[in-house]
Amino acid sequence: MARYLVRRFLVAIPTIFITISLIFFILRVLPGDAALVVLGDNASEKALENLRIQMGLNVPIWQQYIVFLGDIFKGDLGVSIASGTPVSELIADNFGHTMLLTLASILIGCMIGVPLGVFSALRPNSWIDNLVRAISMTWISVPPFLMGIILILAFSLKIELFPSMGVGEGLWKGIYHLALPAFTLGLILSGVMMRFARASMLDELNQDYIRTAKAKGIPSYIVIFKHALRNSLIPVITVIGLDITALISGAVITESIFSRPGLGSLAIDAIITRDFAVLQGCLILVAFLVVIVNLIVDISYSIANPKIRPS
C-alpha cells in the first residue's frame, strides 16, 4: 500500500503542474484590462500603469509565468488587489465553510440515497422501487439554485423552521444554519446515490456467489449486508469521489443563495473584480482537492473490498 501511495503522489505532481499552468494562461488571455476593472473607467493612465506594475502585468507573459511558478513553490499565493489581504488568509477564512457544506451534503446524500437504493433493489419492480426511482430522477433533475429556492420558500418562509442566510455562531447555531444549504446539495446527491446503489445492488444479487450462499442456508441478512452490500459499494464510492468536485462547484451557487461565506463567494467576487491572485488561489486549491479526493477514493476501494487492495 505504501508503494502504491508513493506512485500515486508521483503521478499527481505532473497533473497538478499542468493544471496550475493552464489556470495561469487561461486567466491571462481573458479579454479586458484587469487594472481598468479594478480602478474604473475614470482612472488616470498613470494610476492604471502603476497598478499594472503592482500586478506584474507590465512584463511579458513568460516572465509572469516564471514569477508565478516561483511564488507557488514558495507557498506564496500573492495578495488580493481588491482588499490587500494575502490570498492564503482569504482562502483559510473561507475554505472551512465550503468543506463543511460539502461534507454535510455528502453525509446527507449517502444517508438518504444508499439505504433507499438498496431497499429499492431488494424489491425490484414493486411500487416501492418505482417510487424510489421517481424520487431519484426528480432530485437529479432539479438544479441547485432551484432546490435552494424551494427549500427556502418551504422551510424558511412558509414554515419558518430554518434560517435562510448566514452561518451562525457556535456549534449548534452553525448546524442550524447549515441545514438548508446542506440539504440543497445533499438531496440532489442522494438522487444519484439511489440510482447507483440500486443498480449495483441488483447486479450483485444476481451473482453466482450470492445464490451459492443462499443455497448453503446462510441467513438472508448476512448475505445482503455482509456480502452483496460490501461489493456493491465500489461504484457508489466512485460516484462520491466524482461528485465531490461537482458539489464544490455547486457550493458556489448555494453559498450565494444562502448568503454564506466560502470559496464560491470568494471566487465570484474575484471574477467580478478580475482579482487574478484570489481566483488563481481558489482554482489551485480545487485542483489539489481533486487529486486528493481521487487518491482517497482509490484507498476506499480496498477498505470496502480487500480483494482489490493494491500492492
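Buried means under 20% relative accessible area. That cut-off sorts the residues in the views below, which all come from a predicted model.

**View 1. The chain as a whole is built from helices, with 12 of them and zero strands.** Along the sequence the pattern reads α-α-α-α-α-α-α-α-α-α-α-α. The chain has 311 residues, and 41% of them are buried. Among contacts with a separation of 6 or more, 75% join residues 24 or more positions apart. The accessible surface is about 16900 Å². Carbon and sulfur atoms hold 69% of that surface.

**View 2. Asp129, Arg133 and Arg198 are linked in a network of salt bridges.** The structure holds two salt bridges. Asp129 takes part in one with Arg133 and in one with Arg198. Asp129 has a relative accessible area of 0%, so this residue is buried. Side chains of opposite charge can pair when their charged atoms come close.

View 3. Arg133 is partly exposed, at 30% relative accessibility.

**View 4. Asp129 also forms a salt bridge with Arg198, at 2.6 Å from N to O.** Asp129 belongs to helix 6 and Arg198 to helix 8, so the pair ties together parts 69 residues apart in sequence. Arg198 has a relative accessible area of 15% and therefore counts as buried. What does Arg198 contact beyond its neighbours within four places in sequence? The list is Gly117, Ser120, Ala121, Asp129 and Arg133.

**View 5. The largest nonpolar core holds 57 residues.** Phe68, Met193, Met201, Leu266 and Val278 touch the most other members. Which elements give two or more residues to this core? They are helix 1 (2-28), helix 4 (61-73), helix 5 (87-121), helix 8 (171-205), helix 9 (208-215), helix 10 (220-257), helix 11 (263-273) and helix 12 (276-304). A second, separate core has eight residues, including Val142, Met147, Ile152 and Leu187. In soluble globular proteins, nonpolar side chains tend to be buried together.

**View 6. Leu266 is in contact with Leu90, Ile91, Asn94, Val278 and Cys282.** This list leaves aside neighbours within four places in sequence. Both Leu266 and Val278 are among the residues of the largest core that touch the most other members.

**View 7. Ala270 lies in helix 11.** Its relative accessible area is 3%, so Ala270 is buried. Apart from neighbours within four places in sequence, Ala270 is in contact with Asp275, Val278 and Leu279. Ala82 is 188 residues from Ala270 in sequence. In space, the two C-alpha atoms are 8.4 Å apart.

**View 8. A nonpolar patch lies on the surface, with about 600 Å² of accessible area together.** Its members are Phe145, Leu146, Ile149, Ile150, Leu153, Leu157 and Ile253. Which helix supplies the largest share? Helix 7 (residues 144-158) does, with six residues. Ile253 is found in helix 10. This residue is partly exposed, with a relative accessible area of 38%.

**View 9. Phe25 and Tyr65 form a tilted aromatic pair.** A search of the whole structure finds two aromatic pairs. In this one the rings are 4.9 Å apart, centre to centre, with 35° between the planes. Phe25 sits in helix 1 and Tyr65 in helix 4, so the pair ties together parts that are 40 residues apart in sequence. Tyr65 counts as buried, at 16%.

**View 10. Phe162 and Tyr176 make up another tilted aromatic pair.** The centres are 5.7 Å apart and the planes stand at 45°. Phe162 belongs to the loop between helix 7 and helix 8. Tyr176 is in helix 8, and the two residues are 14 apart. Phe162 is partly exposed, at 24% relative accessibility. Tyr176 is partly exposed too, at 38%.

Note on methods. Residues are numbered from 1 along each chain as its sequence is written. This is a predicted model: local features need pLDDT of at least 70, side-chain atom pairs count only at pLDDT 80 or more; totals for chains, interfaces and linings use all residues. Side-chain values use heavy atoms; hydrogens and water are left out. A nonpolar core is a set of buried Ala, Val, Leu, Ile, Met, Phe, Trp, Tyr and Cys residues joined through side-chain atoms within 4.5 Å. Buried means under 20% relative accessible area, exposed over 50%, partly exposed in between (1.4 Å probe, protein chains only). Helices (H or I, at least four residues) and strands (E, at least two) are DSSP runs, numbered from the N terminus. Contact means heavy atoms within 4.5 Å. Patches are made of residues with over 30% relative accessible area and no salt bridge: like charges are joined within 9 Å, nonpolar side chains (Val, Leu, Ile, Met, Phe, Trp, Tyr) within 5 Å. Accessible areas come from the Shrake-Rupley method with a 1.4 Å probe; for residues, only the protein chains shown count as cover. A salt bridge is a side-chain nitrogen of Lys or Arg within 4 Å of a carboxyl oxygen of Asp or Glu. Rings of Phe, Tyr and Trp (its six-membered ring) pair if their centres lie within 6.5 Å; planes under 30 degrees apart count as stacked, over 60 as edge-to-face and the rest as tilted.
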